[in-house]
Amino acid sequence: MKEVLTQPRADRRRLSYVPDPEQIRVSADRRGRHVLDADLSDTEYLEKLRMLSLRYAADFDVLVQREGQWRRREGIRAQASDISATGLLLRLPSEHPELKPGDKIRARFNIPPGAMPEGFESGVKIDATVVRRFEAQGEAGQVEYMLAMEFAKPLTEYMQRKRWGYSVYSASALLLGTVLFIMLLRTESLIYFKYNMVLYLYSLIAAAFLLTRYLFGALYRDVPINPSYTPGVSIIIPCFNEAEWIKRTILSCMNQDYPVDKLEVIVVDDRSTDQSVERIRDMIETIHNEAERYATKDRLFYTVLPENAGKRAALVKGVEMAKHDLVVFVDSDSFLDPTAIRHLVQPFQDPKMGGVAGRTDVENKYTNSITKLQTVRYYIAFRIMKAAESWFDSVTCLSGPLSCYRKDLVLKYADDWLNQKFLGKPATFGDDRSMTNFILKEHRTGYQDSAVCSTIVPSRVDVFLKQQMRWKRSWLRESLRAGGFIWRKEPFMALFFYVGLIVPIAAPIVVSYNLMYVPIVHGIFPGTFLLGLLMMAMLMSLAHLLLRKSRLWIFGFVFCLFYEFVLLWQMPVAWFTFWKSTWGTRDTPQDVEARLKKEARKRKGGLTG
């Protein structure tokens with residue numbers, strides 16, 4: 001399946017965000033500065049400036065209108081070549097000499113999903129100024145007439161006034177109404193409590209659990225950037241059969257707005273059987289050759305393990321090679337924002353902080369419905385759920401796509417981590433939850449929402465279901481481990497954790513009772529229960545709409561339906577198989593062993609038959 005990805009236009013310099021050690025280039029960026037009025041030393045301003053300057057490859061229709069045509073659907077029909085928040089580059093169908101630099105025009109177009117970051121998909125009618133005309137050679141060798149225009153105001157401001165503002169007001173009002181309605185439904189649970197204490201107690205606990213998570217998620221705030229705090233960081237990228245994405249991952253890790261002498265990147269290949277090693281070598285050699293003055297030869301290198309030993313072994317090998325005190329784990333199909341590391345390290349100003357997770361967004365969100373529903377789920381899981389845990393400095397999973405640890409702590413627990421077994425079976429997945437448990441037992445763990453990466457999620461249903469089963473098994477296994485010490489943490493967080501453990505485990509029983517037993521035995525339509533599910537789905541969807549202003553918010557409902565009728569029923573299977581160590585989506589040694597055993601059983605059965 002072809003993944004649909006937003007395509008940023010490559011800068012002519014591969015490491016365009018790396019601070020220049022020779023001070024040849026000191027400007028934060030060259031586009032969009034005049035539309036903002038702020039100090040260049042302001043990091044928030046620089047981030048806004050970066051967002052305004054990002055250009056994306058585009059291919060959609062644009063209607064260019066001159067004065068006198070604005071009230072009619074007349075004008076020049078052109079094709080977008082690239083787009084940014086501040087302007088458009090167009091391919092004109094012919095020369096059109098009447099359009100000259102300085103001309104005032106109006107552009108009408110629809111930004112399709114995936115052309116720009118989430119939230120920009122919308123119809124646009126905006127005033128602009130022609131800033132440049134030129135001729136270029138097309139892919140087929142023909143002459144193309146290009147026109148560059150600058151918007152009268154950035155698309156960010158346009159969207160805020162036209163669509164984002166309405167989204168915020170609507171979502172805020174509906175969220176308040178949803179919360180009040182949920183509380184009203186739980187009042188009904190109190191009234192009928194005496195008729196079925198277990199069921200209604202579960203309903204009250206589940207509602208209180210979810211509402212408090214959204215409350216603390218709303219109260220969460222990032223640790224602000226301290227410009228003078230830039231500790232040394234070593235990024236470790238474990239790789240196994242990720243030839244398609246590894247080049248982009250390496251480049252994103254190197255292209256960080258972080259001091260050159262404080263950042264290194266180590267790629268550890270776990271004996272890939274595809275073209276990963278060749279792709280790793282090619283990208284590293286390219287960066288070494290094109291960006292030598294950024295000391296890349298001293299801080300970007302790779303190694304290949306002598307045999308396939310698993311993700312944990314690859315990560316530990318990278319940590320052993322690291323020269324800095326903080327180590328960042330980045331999955332080989334994840335891509336960092338240029339300011340991710342600068343934001344990620346800020347909580348470590350607290351000496352008791354042992355590990356910090358960044359936010360993970362979905363990169364291939366517009367591929368199909370499966371990736372769209374994961375987009376909403378990922379955002380709520382990080383921005384609400386992890387943020388709520390971070391309020392108590394007790395994030396229970398520092399996720400694999402982007403997380404940072406103190407190097408000495410990883411080395412302290414390395415042997416136990418590598419040799420971890422559960423019921424006699426090697427623990428080969430759930431490495432992020434497992435290491436988090438080691439850290440959390442004696443230290444704090446946090447979340448930094450402004451440290452952003454994006455990752456490739458499964459776009460096929462079968463792969464997605466296997467991933468979810470693996471995650472449920474590791475969640476159950478590691479939650480049982482954490483339950484042994486989490487009571488020593490802040491009391492409300494401990495209660496938070498134990499309720500969060502009981503609710504998902506009991507959910508299949510509660511859903512079966514309400515949707516099957518009650519209608520069949522008592523002949524009562526489960527309207528109240530279904531209404532409660534609808535309210536919980538609205539809570540997720542509206543929170544996404546409020547915070548992301550994206551049209552994908554409706555897929556929060558889709559995810560909740562998919563969860564109730566499909567994913568929920570993986571939980572009973574996970575209860576009885578959570579000791580399994582196979583991934584199901586890649587040929588790890590455990591997967592190969594399991595497949596050979598299965599084939600041997602089939603052959604034996606055939607012979608017996």
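At roughly what angle do the axes of helix α3 and α9 cross, and within what distance do they come? The axes of α3 (residues 197-219) and α9 come within 7 Å and cross at roughly 85 degrees. That value makes α3 roughly perpendicular to α9. Angles of 65 to 115 degrees count as roughly perpendicular, under 35 as roughly parallel, over 145 as roughly antiparallel and the rest as oblique. Axes are lines fitted to C-alpha atoms, for helices over the stretch in contact, and angles run from 0 to 180 degrees between N-to-C directions. On the α3 side, L210, R213, Y214, F216 and G217 meet I380, R383, I384, M385, A387, A388 and E389 of α9. Contact here means heavy atoms within 4.5 Å. The residues of this contact divide into eight nonpolar, one polar and three charged. In this scheme Ala, Val, Leu, Ile, Met, Phe, Trp, Tyr, Cys and Pro count as nonpolar, Asp, Glu, Lys and Arg as charged, and the others, Gly among them, as polar.

The model is predicted: local features need pLDDT of at least 70 and side-chain atom pairs count only at pLDDT 80 or more, while totals for chains, interfaces and linings use all residues. Residues are numbered from 1 along each chain as its sequence is written, and side-chain values use heavy atoms, with hydrogens and water left out.

Helix α9 also packs against α15 (residues 555-565); their axes come within 8 Å and cross at roughly 100 degrees. The two helices are therefore roughly perpendicular to each other. S369, K372, L373, V376 and R377 of α9 make this contact with F555, G556, V558 and F559 of α15. Its residues comprise five nonpolar, two polar and two charged. Helices (H or I, at least four residues) and strands (E, at least two) are DSSP runs, numbered from the N terminus.

Next comes the sheet. Eight strands form an open sheet in the order β10-β9-β8-β11-β14-β13-β17-β12, with mixed pairing. β10 (300-304) and β12 (334-336) stand at the edges with a single partner strand each, so one side of each has no neighbour in the sheet. The twist from one strand to the next averages 30 degrees. Two strands pair if DSSP finds at least two bridges between them; β13 and β17 (residues 444-455) pair in the parallel sense over nine bridges. V362 stands opposite T455 in β17. Helix α10 (residues 407-418) lies across β11 (326-329), β13 and β14, and runs at about 95 degrees to β14.

The cavities remain. On a 1 Å grid over the protein atoms alone, a cavity is a set of points where a 1.4 Å probe fits but cannot get out, and lining residues have an atom within 4 Å of a point. Grid points are joined across faces, edges and corners, and a volume is the space filled by probe spheres set on the points. The whole structure holds two cavities of 30 Å³ or more.

The largest cavity contains about 60 Å³ of space. Of its 14 lining residues, K311, L315, F329, G400 and D431 lie nearest the centre. α11 gives the most to this lining, with three residues. The lining has eight nonpolar, two polar and four charged residues.

The second largest cavity has a volume of about 40 Å³. Its lining includes V362, T375 and Y378, and β13 (353-362) and α9 (369-390) each supply at least two of the lining residues.

Terms used
On a 1 Å grid over the protein atoms alone, a cavity is a set of points where a 1.4 Å probe fits but cannot get out, and a pocket is an open set with protein on both sides within 12 Å along at least five of seven lines; lining residues have an atom within 4 Å of a point.
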